[in-house]
Amino acid sequence: MTITLNSKIPAGSINDKWNTYKEDAKLVAPGNKRKFKVIVVGSGLAGASAAATMAELGYQVDVFTFHDSPRRAHSIAAQGGINAAKNYQGDGDSVHRLFYDTIKGGDFRSREANVHRLAEVSVNIIDQMVSQGVPFAREYGGMLDNRSFGGAQVSRTFYARGQTGQQLLLGAYQQLARQIGLGNVRMFNRTELVDVVTIEDRCAGIVTRDLVNGEVVSHSAHAVVMATGGYGNVFYLSTNAMACNVTAAWRAHRNGATFANPCYTQIHPTCIPQSDPTQSKLTLMSESLRNDGRVWVPQNPDETRPAAQVPETERDYILERLYPSYGNLAPRDISSRAAKRSVDSGRGVGPLKNGVYLDFSDAINRLGKDVVEERYGNLFEMYERIAGENPYDMPMRIYPASHYTMGGLWVDYELMTNIPGLYAAGEANFSDHGANRLGASALMQGLADGYFVLPYTIGNYLAPMLNKPIPGTDHPAFKAAELAAQARYQGYVDIKGTRSPDYFHREVGRIIWDYCGMERTQQGLEKALSELPALYEEFQKDLRVTGDTESMNQTLEKAGRVDDFFQLGMLMCRDALEREESCGGHFRAEYQTDEGEATRDDEKFAHVAAWEWTGDPTKSIRHQEELNFEAIHLATRSYK
Amino acid sequence: MSNHLKNLKLKIWRQSGPTDKGHFEDHIMPEISDEASFLEMLDVLNEGLIGENKLPVVFDHDCREGICGTCSLMINGQAHGPERSTATCQLHMRKFKSGDEIVIEPWRASAFPIIKDLMVDRSAFDRIIESGGFISANTGGAPDANLIPIPKSVADAAMDSAQCIGCGACVAACPNGAANLFTAAKIAHLNLLPQGQAERFKRTEAMVETMDEYFGSCTNHGECEAACPKEISIDVIALMNKDYRKSKFKNRKEISRN
Ligand SMILES: Cc1cc2nc3c(=O)[nH]c(=O)nc-3n(C[C@H](O)[C@H](O)[C@H](O)COP(=O)(O)OP(=O)(O)OC[C@H]3O[C@@H](n4cnc5c(N)ncnc54)[C@H](O)[C@@H]3O)c2cc1C
Ligand code: SF4
Ligand code: FES
């Protein structure tokens with residue numbers, strides 16, 4: 001397949017593009033929709049909303065998830081909130097401002113047309129979720145309440161206590177459950193996608209593995225949607241759920257879908273620092289805490305007094321000092337690096353000196369403990385449960401951790417990958433956040449894609465296929481993919497080496513974190529690119545998976561996922577190496593101002609890097625999609 | 001700073017599949033940091049088992065933040081273990097001491113068949129939601145979100161019940177294996193809100209009857225409330241029962257009107 005990256009951006013002014021598109025899109029008549037089968041992989045916000053909506057429209061939908069129920073998707077863990085340009089607070093918000101903030105937050109590395117559409121439909125999402133019964137926070141008058149998130153100077157974030165993701169996902173899950181109950185959706189739980197099948201340059205379906213009995217089965221469809229989440233677990237320690245992985249997207253990539261900007265990963269500034277070597281994951285403390293918490297470190301690296309006894313004059317409120325106009329609400333990448341620099345300079349706090357303080361004592365004095373508890377009570381409890389300290393009395397200790405991945409499958413304006421009939425939605429695609437995502441924008445994007453974009457764009461692809469036969473699962477390409485998948489999983493069992501998949505995962509994670517984490521250098525990336533293939537070879541020779549392929553085997557599942565993380569890790573380092581600039585979450589130490597701020601190179605790098613698989617992840621081919629800024633002027637990002 | 005627990009005696013349920021009869025297996029955990037979570041302790045055990053070329057213990061888990069509802073262990077006879085309002089994954093080893101014997105079992109309930117070891121099949125919960133745990137509002141036609149003001153107290157009460165994570169501890173803790181707390185939490189969430197009124201009685205009737213198909217019946221033991229990691233109040237069950245009684249009357253009236 002030759003790679004063409006046609007973004008298919010509609011003509012016209014930025015304000016009209018989406019309407020023009022919808023007016024011109026081909027339609028499938030209501031009675032004909034049931035003649036089309038659509039596969040949705042993933043039941044998070046993006047997958048559940050897409051599947052429910054397409055089923056409501058009349059398509060036959062099959063949904064797959066490796067979880068035991070669609071309600072468990074990782075979207076459930078989002079805490080802080082969801083953005084929408086409702087301007088309910090009358091503080092000057094608008095579609096244009098949300099659009100602008102998102103482009104700027106992404107350090108001018110996203111596609112204008114997609115981001116504008118996202119801002120446009122953001123308002124519909126809130127309406128839709130309220131009609132599903134999502135109990136968003138309310139003011140006493142009964143109206144919806146809002147808060148602020150990083151990178152914005154307006155209050156446009158809707159929330160449901162500290163469990164916004166849970167409530168939104170349950171809303172979408174319930175909408176999906178209704179369609180399952182009505183027989184319009186077939187739901188496949190504990191079923192993992194292990195391959196994607198393309199026939200005659202079009203996506204023909206998928207191959208799955210039943211995690212309970214190991215059965216490998218093919219499914220054919222007119223179109224396939226990947227709503228399979230992000231790859232932040234490549235770092236091993238991250239805020240993602242344990243099972244989050246890149247396998248689905250990676251298998252699509254290996255079958256011809258280009259993978260865009262893999263090096264754009266987000267390190268979230270407010271996580272609980274690691275406390276023990278056995279630690280399996282890191283816990284996020286919602287960014288909303290930065291509305292009222294102040295980030296500081298002691299000025300003296302040898303400070304030993306408890307936080308409360310350090311006088312004001314001996315504290316360095318790093319974000320307020322460096323970024324006075326945004327203060328503690330500076331964007332994530334900027335805040336993370338500020339914390340890293342403080343710790344690197346020896347001013348870290350806590351027993352391992354691996355964190356910075358997030359202090360609520362001013363807020364408690366100003367607002368009273370009750371108000372603080374009302375706003376953040378459950379987050380404070382969660383912190384205490386994990387860290388064993390009470391944040392009402394002692395400041396929290398926080399440190400950055402891998403959290404979100406802006407990179408993902410390359411998609412065009414219709415959210416279609418470069419493989420016709422294969423779509424990607426939610427965190428799995430690369431589309432809207434450029435080099436850095438603003439807080440509360442992932443939930444917005446997942447639901448925008450699933451509710452308001454895909455259901456339109458998919459019809460445009462399907463309409464001309466009406467009454468044309470598609471290859472069935474007896475096609476040799478499906479059979480070959482099934483055999484390959486069986487061989488792959490049997491292969492892990494047959495290695496019979498000495499080390500568990502977790503051992504290798506920890507090792508890959510360490511390399512990626514050290515050399516392709518918050519700060520990257522040419523030298524470090526080159527080192528990673530020599531260490532990773534060596535470790536990968538060891539994986540292929542020395543892996544140990546006990547048990548068999550025919551029954552529930554969590555070690556085997558993990559082996560497949562770690563294998564794909566290895567290959568992705570190499571591509572991430574390649575991508576980071578070739579992008580000789582700093583932008584958003586991609587910070588190359590060689591490209592910074594005297595004050596340590598990221599320096600972009602718009603001449604050379606105002607483009608998307610989309611990688612083509614060649615069979616060897618260190619030899620993938622780099623393609624470019626130029627980014628044209630028509631509605632917004634490229635500017636240096638400043639939050640001072 | 002972290003301390004280390006020594007010499008924990010683990011008694012773990014092993015069962016190769018749904019038809020296997022199952023048995024307890026003893027393991028010693030020589031040392032573990034008190035900063036480790038309970039599941040991290042099991043991770044360490046499993047690494048060790050793989051090292052000895054044995055099968056690791058299968059257990060369900062994912063977010064490890066107490067929100068996805070996947071983790072599900074009976075620890076010393078208590079669903080989710082000894083700490084109140086805490087899911088298994090949020091339980092830390094500092095709640096235990098050196099030399100403790102810890103018995104680890106799966107959820108035991110006839111509606112939750114065991115898949116392997118500590119992993120069970122909770123899809124009966126999905127059946128309850130599919131039967132009516134939703135508001136029928138198709139994508140697209142929703143009115144402006146602020147059109148219907150909802151008093152803060154109502155939104156808060158709905159949120160209290162909506163916090164259920166669908167873990168099934170309530171069922172596992174109940175001597176009858178009843179799912180009343182889970183079902184009532186969803187019914188209360190939706191029936192309290194203005195948006196949920198149109199289907200209120202239809203929803204209640206369908207959900208309660210689906211629940212009865214799969215689960216045992218409630219005899220007011222209250223074990224569910226004590227086990228619930230989200231502190232869902234048993235009051236929601238009274239609310240559900242009231243709406244269920246009304247539904248019998250209201251739904252019939254509606255049918256006769258059509
Ligand atoms: C701790 C935390 C807090 C967050 N807080 C916020 C917030 O406050 N606001 C915000 O906007 N964003 C937040 N985010 C980000 C946001 O939650 C995610 O980006 C978003 O929910 C992703 O949704 P999704 O639908 O794309 O994927 P997910 O919800 O991750 O769903 C992926 C689905 O794909 C399935 N899947 C994956 N691979 C396969 C496979 N191979 N086979 C079968 N099924 C597969 C999974 O089972 C799952 O159903 C947070 C993220 C984290 C980690
Ligand atoms: S009611 Fe409580 S115990 Fe029962 S499923 Fe919900 S959260 Fe778990
Ligand atoms: S693992 Fe998610 S609630 Fe315990």
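The largest pocket holds about 940 Å³ of space in this predicted model. Its lining draws on helices from chain A and chain B.

**Largest pocket**
- The pocket is lined by 49 residues, and those closest to its centre are A:Asp502, A:Gln554, A:Lys558, B:Asp43 and B:His61.
- Helices α14 (501-516) and α16 (554-578) of chain A and helix α1 (38-51) of chain B each contribute at least two residues to the lining.
- By residue class, the lining comprises 18 nonpolar, 16 polar and 15 charged residues.

**Interface between chain A and chain B**
- Contact involves 79 residues of chain A and 76 residues of chain B.
- A:Arg72, A:Arg161 and A:Arg385 account for 11% of the area that chain A buries against chain B, more than any other three residues.

**Helix α6 of chain A against helix α2 of chain B**
- The axes of α6 (residues 164-181) of chain A and α2 (residues 123-132) of chain B come within 7 Å and cross at roughly 85°.
- Because angles of 65 to 115 degrees count as roughly perpendicular, α6(A) is roughly perpendicular to α2(B).
- On the α6(A) side the contact is made by A:Tyr173, A:Gln174, A:Ala177, A:Ile180 and A:Gly181, and on the α2(B) side by B:Asp126, B:Ile129 and B:Glu130.
- The residues of this contact divide into 4 nonpolar, 2 polar and 2 charged.

Technical notes: Residues numbered from 1 in each chain as written. Chains lettered and ligands numbered in written order. Predicted model: local features only at pLDDT ≥ 70, side-chain atom pairs only at ≥ 80, totals over all residues. Heavy atoms only, no water. Axes fitted to C-alpha atoms, helices over the stretch in contact; angles between N-to-C directions. Helix = DSSP H or I, 4+ residues; strand = E, 2+ residues; numbered from the N terminus. Parallel < 35°, antiparallel > 145°, perpendicular 65-115°, else oblique. Contact = heavy atoms within 4.5 Å. Nonpolar A, V, L, I, M, F, W, Y, C, P; charged D, E, K, R; others polar. 1 Å grid on protein atoms, 1.4 Å probe; cavity = no way out; pocket = protein on both sides within 12 Å on 5 of 7 lines; lining within 4 Å. Points joined across faces, edges and corners; volume = space filled by probe spheres on them. Buried area = accessible area lost by both parts, 1.4 Å probe.
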